[in-house]
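Please look through the sequence and the structure below before reading on. The report that comes after them is meant to be read with both at hand.

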Amino acid sequence: NLFIFPSFNSWTERNMGGCAGFCTSKFVIVINLKFSLGWEKALKETICHEFAHAISNYYNGGDYTLGEGFVLDGIAEHFREAIAGGDKAKWSTAINKSEAINLLKKLKDKFYIKNQELWQEVFFGGGDYPSWAGYSIGYYLIEDYLAKQDEMDWEKIIKTPPKEIFEQMIKDWKI
């Protein structure tokens with residue numbers, strides 16, 4: 001189910017190309033759209049990103065750990081790139097890989113916490129976390145994970161438990 005609503009949010013227009021999305025639960029995507037310059041591209045990319053969440057057995061409207069959240073959003077963004085193409089999103093590279101690794105080390109005792117406020121801070125910025133840091137962490141984790149795959153089998157990747165991917169990658173990153 002795809003629901004599209006108008007957006008009157010200037011932040012969404014400035015930072016997201018006029019389109020923001022959220023997967024509320026399995027097979028449900030909500031899009032907020034403002035018809036501004038580039039909205040068609042932003043809509044296509046947002047739907048692809050959110051589709052990866054919507055078909056995942058593990059993405060359930062925010063009821064997952066911080067570590068699983070990194071993986072789920074990293075997969076969604078790499079899936080978006082593979083399907084819709086386009087440049088890397090600014091949230092994917094808001095911090096560089098070295099900064100992502102350092103931030104993961106600081107978050108080590110919070111990997112398995114299910115806390116929406118913490119998730120909001122890490123992914124959208126606040127407190128000790130720069131804007132979109134969580135998206136960047138997930139992007140780099142999955143970039144390295146995908147590089148280790150023999151073939152790009154999105155169905156298999158999306159069906160792999162995020163905890164399994166996360167634990168493999170933090171081990172590889174020596175965190």
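## The nonpolar core

This is a predicted model. As general background, nonpolar side chains tend to be buried together in soluble globular proteins. Here the largest nonpolar core holds 51 residues, and among these Phe70, Leu104, Leu107 and Ile137 touch the most other members. The element that gives the most to this core is helix H6, made of residues 133-147, with 9 residues.

Leu104 can be followed in more detail: when its neighbours within four places in sequence are left aside, Leu104 is in contact with Phe70, Phe111, Ile137, Leu141, Phe166, Trp173 and Ile175.

## Helix H6

Helix H6 has 15 residues and reaches 21 Å from its first C-alpha to its last, which is close to the 21 Å expected at 1.5 Å a residue. Because 13 of the 15 residues of H6 are buried, the helix is largely enclosed by the rest of the structure.

## A buried residue in a loop

Ile95 is found in the loop between helix H3 (66-84) and helix H4 (97-106). Is Ile95 buried or exposed? Its relative accessibility is 5%, and because buried means under 20%, Ile95 counts as buried.

Not counting residues up to four places away in sequence, Ile95 touches Ala100, Leu103, Pro130, Ala133, Ser136, Ile137 and Tyr140. Ile55, by contrast, is 40 residues from Ile95 in sequence and 28 Å from Ile95 in space, taken from C-alpha to C-alpha.

## Salt bridges

Side chains of opposite charge can pair when their charged atoms come close. A search of the whole structure finds 10 salt bridges. In one of them, Lys88 pairs with Glu143, and the closest N and O atoms are 3.6 Å apart. Since Lys88 lies in the loop between H3 and H4 while Glu143 lies in helix H6, the pair ties together parts that are 55 residues apart in sequence. Lys88 counts as partly exposed at 45% relative accessibility, and Glu143 is also partly exposed, with a relative accessible area of 27%.

Another salt bridge joins the side chains of Lys97 and Asp144, at 2.6 Å from N to O. Lys97 lies in helix H4 and Asp144 in helix H6, so this pair ties together parts that are 47 residues apart in sequence. The side chains of Asp172 and Lys148 also meet in a salt bridge, at 2.3 Å from N to O. This pair links distant parts of the chain, 24 residues apart, with Asp172 in helix H8 (residues 162-172) and Lys148 in the loop between H6 and helix H7 (154-159). Asp172 counts as partly exposed at 34% relative accessibility, and Lys148 is partly exposed with a relative accessible area of 42%. Elsewhere, salt bridges that share partners join Lys41, Glu45, Glu77, Arg80 and Glu81 into one network.

## The sheet

In general, strands of a sheet pair through backbone hydrogen bonds, either parallel or antiparallel. In this model, an open sheet of 3 strands has the order E1-E3-E2, and its pairing is mixed. Strand E1 (2-6) and strand E2 (19-25) are the edge strands, each of which pairs on one side only. From one strand to the next, the twist averages 20°.

Strand E1 and strand E3 (residues 28-33) run parallel and are joined by 5 bridges, and Pro6 stands opposite Leu33 in E3.

Key:
Residues numbered from 1 in each chain as written. Predicted model: local features only at pLDDT ≥ 70, side-chain atom pairs only at ≥ 80, totals over all residues. Heavy atoms only, no water. Core = buried A, V, L, I, M, F, W, Y, C linked by side-chain atoms within 4.5 Å. Buried < 20%, exposed > 50% of the residue type's maximum accessible area, 1.4 Å probe, protein only. Helix = DSSP H or I, 4+ residues; strand = E, 2+ residues; numbered from the N terminus. Contact = heavy atoms within 4.5 Å. Expected span 1.5 Å × (residues − 1). Salt bridge = Lys/Arg side-chain N within 4 Å of Asp/Glu carboxyl O. Pairing = 2+ DSSP bridges. Axes fitted to C-alpha atoms, helices over the stretch in contact; angles between N-to-C directions.
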